[in-house]
Amino acid sequence: MNLRDIGEAPDYRFTLANERTFLAWIRTALGFLAAGVGLEQVLPNLTNHAVWEALSLFLYFISVTLAAYGYWRWRCNEEAMRLNQDLAYTSAQKLIVLAILVIVVTVTWCLFSA
């Protein structure tokens, strides 16, 4: 379904704000992707290679998940604005903070256990 076919066009300022938020999700996803590539390419000769590889794959998964979630959230907000509905509240930010904490603890553990 094309978004232009439903509802009325919202104020362009809200549409641009929605797009900036989507781009922030994409930047965050690219950051996680860069961290995964960095772990895979820069630290391959450490003793716990399996741990680093698993952590790198986890970062790739987080990156893809964030990009997909950012698009889904952009789409839902755009539909809600076009239909003059309330925007849905999300608690995904809590999950992101939890994922970052898990990554930091895992990296710290790997660095000091080697």
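Q: How many aromatic pairs does this predicted model hold?
A: This model is predicted. Rings of Phe, Tyr and Trp pair if their centres lie within 6.5 Å. By this rule, the count of aromatic pairs is 4.

Q: Is the aromatic pair of phenylalanine 22 and tryptophan 74 stacked, edge-to-face or tilted?
A: The ring centres of phenylalanine 22 and tryptophan 74 are 6.4 Å apart. Their planes make an angle of 45°. Planes under 30 degrees apart count as stacked and those over 60 as edge-to-face, so the rest are tilted. The pair of phenylalanine 22 and tryptophan 74 is therefore tilted.

Q: How many residues apart are phenylalanine 22 and tryptophan 74?
A: Phenylalanine 22 sits in helix 1, residues 12–42. Tryptophan 74 sits in helix 2, residues 49–82. The pair links distant parts of the chain, and the separation is 52 residues.

Q: Does tryptophan 74 count as buried or exposed, and why?
A: Buried means under 20% relative accessible area. Tryptophan 74 has 19% relative accessibility, so it counts as buried.

Q: What is the angle between the planes of tryptophan 25 and tyrosine 69?
A: Tryptophan 25 and tyrosine 69 form an aromatic pair, 4.9 Å centre to centre. Tryptophan 25 lies in helix 1 and tyrosine 69 in helix 2. The pair is edge-to-face, and the angle between the planes is 70°.

Q: What is the relative accessible area of tryptophan 25?
A: The cut-off for buried is under 20%. Tryptophan 25 is buried, because its relative accessible area is 9%.

Terms used: Residues are numbered from 1 along each chain as its sequence is written. This is a predicted model: local features need pLDDT of at least 70, side-chain atom pairs count only at pLDDT 80 or more; totals for chains, interfaces and linings use all residues. Side-chain values use heavy atoms; hydrogens and water are left out. Rings of Phe, Tyr and Trp (its six-membered ring) pair if their centres lie within 6.5 Å; planes under 30 degrees apart count as stacked, over 60 as edge-to-face and the rest as tilted. Helices (H or I, at least four residues) and strands (E, at least two) are DSSP runs, numbered from the N terminus. Buried means under 20% relative accessible area, exposed over 50%, partly exposed in between (1.4 Å probe, protein chains only).
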